Amino acid sequence: MAEVVLKQIVKTFDRQTVIQQLDLTISNGSFTVLVGPSGCGKTTTLRMIAGLETVTEGEIWIGDQKVNDLPPGKRDLAMVFQNYALYPTMTVKENIEFGLKNRKVRKEEREQLIREIAEIVGLSDYLQRKPSTLSGGQRQRVALARAMVKKPKVFLMDEPLSNLDATLRHQMRTELIELHKQLGATFIYVTHDQVEAMSMGDQIVVMDRGRIQQTASPMELYQEPANRFVARFIGTPSMNILTLPDLPGLQLGIRPERVMLIREDGSAFSFHAEWQRTKPDLQRADNPPEGISAEGVILGREVLGAETLYKVQTQLGAFAVKSHSDLLLNQDEKVLVRLRKQDLYFFDAAAGQRVREQDAFARHALEAILSPLTEPAVLGVGGR
Amino acid sequence: MNQQMSILERLWMPVRPYLFVLPALLVFLAFFLYPIGYMIYLSFTSWNFISPDKEFVGIANYLELFAEPEFHQVLFNTFLYTLLTVSLSLGISLLLALWLNRRGSLYGIVQGAIFSPYIISLVSVSLLWMWMMDPRYGLLNWVLNWFGLPPSKWLTDTDSAIYGLILVSVWKIVGYNTLVFIAGLQSIPREIYEAAAMDRSPVWRTFSKITIPMLSPTLFFLLVINTINSFQVFDTVQVMTQGGPVNSTNMLVYYIYENGFDFFKIGYASAAGVVLLLIVGILTVFHFLFLSKRVHYR
């Protein structure tokens with residue numbers, strides 16, 4: 001068991017800096033996910049921890065040992081590669097055994113370990129097969145078994161599920177979460193898929209252009225993004241970013257699933273469970289909640305079954321709305337748009353940093369655009 | 001009408017594939033099977049290349065061939081030459097490929113330099129080496145002398161002449177083998193080596209358990225090609241030694257040429273040709289039977 005600490009890490013390839021001053025603490029036993037678009041430096045970071053890539057500047061500590069100059073095999077890590085990197089000329093058993101042999105584990109002990117691990121990952125019947133005769137999912141398990149058998153302190157995984165089909169990926173996701181609980185080891189997992197990151201990680205590190213944008217738990221990332229990049233990266237469809245003439249120097253962020261659309265007849269669409277709780281409040285005339293009211297027209301829609309995506313044109317601009325209602329709005333239909341104050345995000349237009357409500361700047365902005373959300377009493381007719 | 005079409009089609013369909021391969025088949029028959037058949041036929045005759053009569057002599061040519069001590073020497077020379085040429089060139093090429101399989105302009109230049117002998121005519125190469133191997137004025141003896149070693153007589157000594165030929169052929173094919181090995185090495189995914197590094201695999205173990213098995217198709221290909229080529233060595237023998245001194249560098253193809261076109265013993269030469277065909281054939285079959293099992297194709 002070990003904590004992994006990166007201190008002021010810089011990585012340069014051919015005079016091009018790909019990682020800049022990276023500080024990160026991965027606590028013992030955590031499931032940490034490095035996530036970001038391609039080229040953000042997540043894989044490079046993982047490979048530096050593994051020792052497959054040298055560190056240009058800074059220090060990497062695993063447990064109480066500085067590992068900068070330690071070869072990969074001596075770092076007590078195991079890695080699962082994106083394309084599995086199984087030894088194609090060896091059988092499944094030999095693949096799993098290779099690392100043990102190099103560690104000079106005795107034969108009886110090796111046999112015992114291989115039997116146990118094969119049992120866990122469900123490969124007992126395939127030990128004598130070559131990887132080329134296995135399916136993608138089975139190869140994935142061999143790669144996992146090869147990593148697990150070494151009983152490492154830290155597991156490194158580089159997009160291990162990206163070569164699997166959707167169903168299998170989903171299943172393996174669950175299995176990996178289970179495995180993490182069982183083993184209690186530290187997992188460091190790289191992916192470009194924010195859904196994978198959110199569903200698996202207990203600590204998520206969002207990276208972009210060689211810098212950490214935010215390190216937080218999944219819920220915190222969603223609710224309290226530190227900047228525009230994180231806000232747009234987490235959640236599908238991405239957060240709408242609007243530039244309003246009323247808000248000089250600021251941008252307004254709205255999550256598509258937090259917008260309420262109301263049909264002219266008063267039936268409500270697109271509501272989040274949160275909205276239903278707010279409904280009684282909306283109908284209170286004495287102290288109505290604050291928010292933004294606007295009128296809009298449906299520009300287009302995508303029906304996905306469980307949800308529907310709309311593109312809505314309003315005086316605030318055009319933005320995406322995600323609805324969970326089974327009723328459908330038609331193109332060119334007129335709607336009322338309602339946004340609650342707590343669902344509004346502000347960002348510095350130039351730097352992209354989040355501007356919080358406590359900030360005088362944001363308070364001023366809010367005053368400029370907020371109005372009481374008084375609603376017709378018919379609200380609540382529609383919905384699910 | 002429809003019925004008629006289908007009858008025509010029924011006749012046409014089985015013929016069609018053969019028509020497609022017919023041109024290739026004709027070339028194969030005319031330039032490969034026919035000469036081999038004719039050679040086998042000639043090996044049972046006595047013919048001087050000019051006389052209109054080809055006298056059928058049964059297996060007399062073969063009996064003469066196997067009784068001839070010179071032929072034993074030729075066979076021994078050919079096997080020795082092949083064994084050393086193939087093993088040395090494969091070994092050296094593999095080491096060079098391991099060294100050169102990296103990026104950088106130096107490595108590119110060295111690769112090109114090593115490959116260049118392969119594109120030069122073997123006759124020019126032979127003349128060049130003869131000049132270098134000259135016992136009195138040659139560069140090689142000068143180098144030996146510089147290191148304080150005694151001079152060698154190179155091609156003029158029965159003990160060293162065949163090694164001179166082996167040196168030339170190794171020098172010539174190493175570049176080609178190296179290039180093929182580098183291509184083979186580059187097709188091994190980098191992640192596999194990284195996985196081995198994570199598995200704490202020592203260098204020699206990574207080489208023997210990962211590189212060699214992954215390289216086995218390349219190794220096998222080069223082994224077969226080099227063996228066949230070495231058995232058919234001719235140019236260097238013809239230019240540099242004419243089989244001498246005292247038959248010490250005479251090898252199968254040169255022996256066939258000598259008997260056929262210098263001594264006009266066509267039947268006898270054909271019998272030697274059949275023996276060459278059988279040896280190469282058996283060796284190749286042997287390679288495929290016993291080694292191909294150990295070759296891992298992805």
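User: Which two strands of chain A form a hairpin with two residues between them?

Analyst: Strands, like helices, are DSSP runs numbered from the N terminus, with at least two residues (E) for a strand and at least four (H or I) for a helix. Two strands pair if DSSP finds at least two bridges between them. In this predicted model, the hairpin is made by strand 1 and strand 2 of chain A, and A:Asp14 in its turn has a positive phi of about 45 degrees. Strand 1 covers residues 4-13 and strand 2 residues 16-26, and seven bridges join them in the antiparallel sense. Within this pair, A:Lys11 lies opposite A:Ile19 of strand 2.

User: On what conventions do the numbering and the values rest?

Analyst: Residues are numbered from 1 along each chain as its sequence is written, and chains are lettered from A and ligands numbered from 1 in the order in which they are written. Because the model is predicted, local features need pLDDT of at least 70 and side-chain atom pairs count only at pLDDT 80 or more, while totals for chains, interfaces and linings use all residues; side-chain values use heavy atoms, with hydrogens and water left out.

User: In what order do the six strands of the open sheet in chain A lie?

Analyst: The order is 6-7-8-3-9-10, with mixed pairing. Strand 6 (77-80) and strand 10 (211-216) are the edges, each pairing on one side only. From one strand to the next, the twist averages 15 degrees. Strand 3 (residues 31-35) and strand 8 (residues 186-191) of chain A run parallel and are joined by five bridges; there, A:Val35 faces A:Thr191 of strand 8.

User: Which helix of chain A packs on this sheet, touching strand 3?

Analyst: Contact means heavy atoms within 4.5 Å. Angles run from 0 to 180 degrees between N-to-C directions, with axes fitted to C-alpha atoms, for helices over the stretch in contact. The helix is helix 5 (residues 166-183) of chain A, which touches strand 3, strand 7 (154-158) and strand 8, and its direction makes about 160 degrees with that of strand 8.

User: How is the four-strand open sheet of chain A arranged?

Analyst: Its order is 11-12-19-20, and the pairing is antiparallel. Strand 11 and strand 20 (354-355) of chain A are the edges. Three bridges connect strand 11 with strand 12 (residues 250-254), and A:Leu242 has A:Leu252 of strand 12 as its bridge partner. Helix 10 (residues 360-369) packs on this sheet against strand 12, strand 19 (344-348) and strand 20, at about 130 degrees to the direction of strand 19.

User: How much area is buried between chain A and chain B?

Analyst: The size of an interface is often given as the accessible area lost when the parts come together. With a 1.4 Å probe and the loss summed over both parts, the buried area is about 1,900 Å², of which carbon and sulfur atoms give 60%. Chain A contributes 24 residues to the contact and chain B 18 residues.

User: How many salt bridges are there between chain A and chain B?

Analyst: A salt bridge is a side-chain nitrogen of Lys or Arg within 4 Å of a carboxyl oxygen of Asp or Glu. There are two between these chains. One of them links A:Arg47 to B:Glu194, whose closest N and O atoms are 2.6 Å apart. Helix 1 (42-50), strand 6 and helix 2 (92-102) of chain A each supply at least two residues to the side touching chain B, and helix 2 gives the most, with four residues.

User: Where is the cis peptide bond between A:Thr236 and A:Pro237 placed?

Analyst: A:Pro237 is in the loop between helix 8 (228-233) and strand 11 (240-242) of chain A. The omega of the bond from A:Thr236 is near -10 degrees.

Conventions:
Buried area = accessible area lost by both parts, 1.4 Å probe.
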